[in-house]
Amino acid sequence: TPRVFSGIKPSGGLTLGNYLGAIKRFVATQGQGMETIYCVVDLHAITVWQDPADLTNATREVAAGYLASGLDPAQSILFNQSQVSAHAELGWILNCVARLGWMNRMTQFKEKAGKNAEKQSLGLYAYPSLMAADILLYHATHVPVGEDQKQHVELTRDIAAKFNHDYKVPEFFPLPEPVIEGPATRVMNLRDGTKKMSKSGESDMERINMTDDADTIAKKFKKARTDPEPLPETYDELSERPEARNLVDIFAALSDTKPEEVLADYAGAGWGQFKPALAELAVSKLAPISVEMARMMNDPAEIDNILGKGADRAMEIATPILHRTYDIVGMIRSR
Ligand code: TYM
């Protein structure tokens, strides 16, 4: 059976980008006859400094976001990465398979490191090979992600292929497919339609947080940068209008339609009409989730309990695969 794996970093709060590009897609994979595994990747989060108390809180918040959005621990395995030590163990082996030249091509590292590459952690550089370990440890076949993670999943395929080739085990690691679907695979910054919406942008006005209240959501969409033109009739006409296209894409993703259908309803409308409708739609979809997240965050023991049980189930899959990997590599395991 196909096996789905994906993860989200607990570094700051969840954004509308994480919701539409990842969590909503994760929920859609449930009940489709696939095994689904969703991780909170705390080991990845510490590749940049995280205050320990904030990390604990953010880990629970991502888990609460999963649960409140409809991921069901009876149908999906939900856990935090550090509770399954096999991730770090396979990560090391894959560090020895991945080539420096491959890592040097990773655009996300280059963007994050900027001119200050010398000051970044070694972990940030190795980040994509730990991500490969996350996926390969379960022999996952499908990886739902936003557009920004495509290169990392492709690197995972390269690492898997090199391992299979070098150790002459051609079928050992399946090459996983990135699944990048829907109208919101790259939700853009509300103040600059050429930049991705991210947890770490300077201004809170750039992003919608999953925990924003109704007034804040309305205010952020109202102030979102647009252009003076009304909405066009065809999607092609948005190709040079990144901010406008972004809001149409968000509308489509939130309402489970296509951008073309949104335009069929709103062609000719101005922003004074479209933005309040978008804000109302966003609030109607996000408010129930944020209320449930807040409720869950009042009971951290319950969240931790779910993550612990998920980790046990994850280990049942991961441990035999890790042990076979050690055998293939030639490591003695005599107890
Ligand atoms: P992270 O935590 O940055 O983002 C989590 C997921 O949200 C998607 N995403 C977006 N989608 C659309 N528009 C946006 N503006 C936007 N921002 C974020 C991301 O594409 C991602 O799917 N490296 C990963 C975490 C990870 C992982 C893995 C993913 C670690 N191991 C194994 C898949 C499989 C990351 O940093 O995601």
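## Basis of the values

The model is predicted: local features need pLDDT of at least 70, side-chain atom pairs count only at pLDDT 80 or more, and totals for chains, interfaces and linings use all residues. Residues are numbered from 1 along each chain as its sequence is written, and side-chain values use heavy atoms, with hydrogens and water left out.

## Two domains

The protein chain is divided into domain 1 (3–179 + 299–329) and domain 2 (204–295); such bounds come from an automatic or database domain assignment. The C-alpha centres of domain 1 and domain 2 lie 30 Å apart. Domain 1 gives 13 residues to the contact and domain 2 gives 15 residues, where contact means heavy atoms within 4.5 Å.

The size of an interface is often given as the accessible area lost when the parts come together. Here the area buried between domain 1 and domain 2 is about 1100 Å², and carbon and sulfur atoms give 74% of it. Buried area is the accessible area (1.4 Å probe) that two parts lose on being put together, summed over both. On the side of domain 1, Leu 16, Tyr 19 and Ala 68 lose the most area to domain 2, together 42% of what that side buries.

## Parallel strands

Helices (H or I, at least four residues) and strands (E, at least two) are DSSP runs, numbered from the N terminus. Strand 1 (residues 3–8) and strand 2 run parallel and are joined by six bridges; two strands pair if DSSP finds at least two bridges between them. From strand 1 the chain passes through helix 1 (residues 16–29) to strand 2, a right-handed β-α-β crossover. Right-handed means that, with the strands pointing away from the viewer, the path from the first strand over the helix to the second runs clockwise. Phe 5 has Ile 37 in strand 2 as its bridge partner.

Strand 2 (residues 35–40) is also joined to strand 3 (residues 76–80) by five bridges, and these two run parallel. Ser 76 in strand 3 is the bridge partner of Thr 36.

## Helix 8

Helix 8 (residues 150–166) has 17 residues, so at 1.5 Å a residue it should span 24 Å, and its end C-alpha atoms are 24 Å apart, which agrees. The expected span is 1.5 Å times one less than the number of residues. Among the buried residues of helix 8 are His 152, Leu 155, Ile 159 and Phe 163. Just after helix 8, Lys 168 takes a positive phi of about 55°.

## Arg 241

Arg 241 is in the loop between helix 9 (214–223) and helix 10 (242–254). Arg 241 counts as buried because its relative accessibility is 12%. Leaving aside residues up to four places away in sequence, Arg 241 touches Asp 227, Glu 229, Pro 230, Pro 232 and Trp 271.

Note on methods:
Buried means under 20% relative accessible area, exposed over 50%, partly exposed in between (1.4 Å probe, protein chains only).
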